[in-house]
Amino acid sequence: MIADYLRCGFIYRAFGGLSTCRLCDCQNGALERSDGVWYWPDGLVHYVTEHHVRLPPEFVDHALEYLDRLGDAEADLDWWRSQGSSRDG
Ligand SMILES: [Zn+2]
């Protein structure tokens with residue numbers, strides 16, 4: 001769940017070169033992602049999924065609370081319907 005959360009952060013910054021994993025030397029992203037509160041290197045998900053690195057509990061708690069709020073949110077269907085689609089035009 002945390003790995004998916006890391007993958008879904010919006011792109012905060014991009015860099016010209018790829019970072020390298022400090023454990024296995026693979027190329028590991030050139031972006032930084034954010035959720036509006038925290039930001040992290042794009043390659044952080046690699047450390048979590050491939051090297052089983054655990055993130056600070058403060059971040060994990062924040063991410064889980066954020067996902068809970070998203071799950072509880074109600075979709076504004078009127079807004080979506082008002083956007084129309086290319087098929088309507
Ligand atoms: Zn690695």
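I began with helix α3, where F59, H62 and A63 are buried (buried: under 20% relative accessible area; exposed: over 50%; partly exposed: in between; 1.4 Å probe, protein chains only).

The model is predicted: local features need pLDDT of at least 70, side-chain atom pairs count only at pLDDT 80 or more, and totals for chains, interfaces and linings use all residues. Residues are numbered from 1 along each chain as its sequence is written, and side-chain values use heavy atoms, with hydrogens and water left out.

I looked up what the buried residues of α3 pack against, and found α1 (2-7) and β3 (contact: heavy atoms within 4.5 Å). Helices (H or I, at least four residues) and strands (E, at least two) are DSSP runs, numbered from the N terminus.

I then turned to the aromatic rings and noted seven aromatic pairs. Rings of Phe, Tyr and Trp (its six-membered ring) pair if their centres lie within 6.5 Å; planes under 30 degrees apart count as stacked, over 60 as edge-to-face and the rest as tilted. Y12 and Y39 form a tilted pair, 5.0 Å centre to centre with 40° between the planes. This pair links strand β1 (residues 10-14) to strand β3 (residues 39-41), its members being 27 residues apart. Y12 is partly exposed at 42%, and Y39 is partly exposed at 48%.

I also recorded that ring pairs link Y5, W38, W40, F59 and Y66 into a cluster.
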